[in-house]
Amino acid sequence: MITISIIGPESTGKSVLTEALAVHYRGAWIPEYAREYVTLHSSEPTYEDVCNILNHDRSDLLQPASSGNLLFPNGSSSSLILPGAAMRLLEEPTIVFFDAGLVIDKVWLDVVFGRRPDWLTDAFGTIVEALRTDYYLLLEPDIAWVDDPARSNGSDEARSHLFQLYLQEILQTGRPYGIVSGIGPARTTNAIRLVDTFLKQPFD
């Protein structure tokens, strides 16, 4: 199973791209849990809230095939007995795309709270590798900001700063990555080109 994480500042099209890639590659995807969590909790997220999100994302990465959040292009959930895509996931290698994940959680903790759990501080790259993030797609903040109750950091300066922080964290993991830019359909096309190139490389 190949796991690809979609990373980027807010309002860079992560969710739309994650689903589009899962459809294109006939794989599966795990939606952003942080958005679901923040939507359900009307108050500003606390340090403990972000740690809860972090632990949830870590669990999804450890066992993506058994995640209750796993979705398939037909809109079904892995909690059901499924033909087609779900059976392929169980019977042969496939691709799982993650909308956001641990790198975003880590930067969120650093920027907002200035601290993080000890396990996340110690050997983060080793942990990520063990959790089988095979490839990152880092999205440029080159598309217009869309306001949303679950979003903040909407200025160009803030988005550019977050992009650089995410890039630094990805580089520390030592895992391969690609940077996605482009407007509209070109953004998806560019992402597919990057993933295709990655898939042609030999795996560890």
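Among contacts (heavy atoms within 4.5 Å) in the protein chain between residues at least 6 apart in sequence, 76% join residues at least 24 apart. The model is predicted, so local features need pLDDT of at least 70 and side-chain atom pairs count only at pLDDT 80 or more, while totals for chains, interfaces and linings use all residues. Residues are numbered from 1 along each chain as its sequence is written, and side-chain values use heavy atoms, with hydrogens and water left out.

**Exercise 1.** Work out why strand 4 counts as largely enclosed by the rest of the structure.

*Solution.* Start with the terms. Helices (H or I, at least four residues) and strands (E, at least two) are DSSP runs, numbered from the N terminus. Buried means under 20% relative accessible area, exposed over 50%, and partly exposed in between (1.4 Å probe, protein chains only).

Next, the count: 5 of the 5 residues of strand 4 (residues 135-139) are buried, so the rest of the structure largely encloses this strand. Y135, L137 and L139 point one way, Y136 and L138 the other, and all are buried.

**Exercise 2.** Find the strands that pair with strand 4, and their sense.

*Solution.* Pairing takes at least two DSSP bridges between two strands. Strand 1 (residues 2-7) runs parallel to strand 4, joined by 4 bridges; here S5 has Y136 as its bridge partner. Strand 5 (residues 177-180) also pairs with strand 4 in the parallel sense, over 4 bridges, and L137 stands opposite G178.

Now look at I179, which sits in strand 5. This residue is partly exposed, at a relative accessible area of 34%.

**Exercise 3.** Which residues of the largest nonpolar core touch the most other members, and which elements supply that core?

*Solution.* A nonpolar core is a set of buried Ala, Val, Leu, Ile, Met, Phe, Trp, Tyr and Cys residues joined through side-chain atoms within 4.5 Å. The largest has 18 residues, and I4, I6, L17, L21, Y25, F97 and L137 touch the most other members. At least two residues each come from strand 1, helix 1 (14-24), strand 3 (95-99), strand 4 and helix 9 (185-199). Helix 9 gives the most, with 4 residues.

Then zoom in on I4: leaving aside neighbours within four places in sequence, I4 contacts I95, V96, F97, F98, Y135, L137 and V195. Finally, there's a second, separate core of 13 residues, including I7, V103, L162 and L167.
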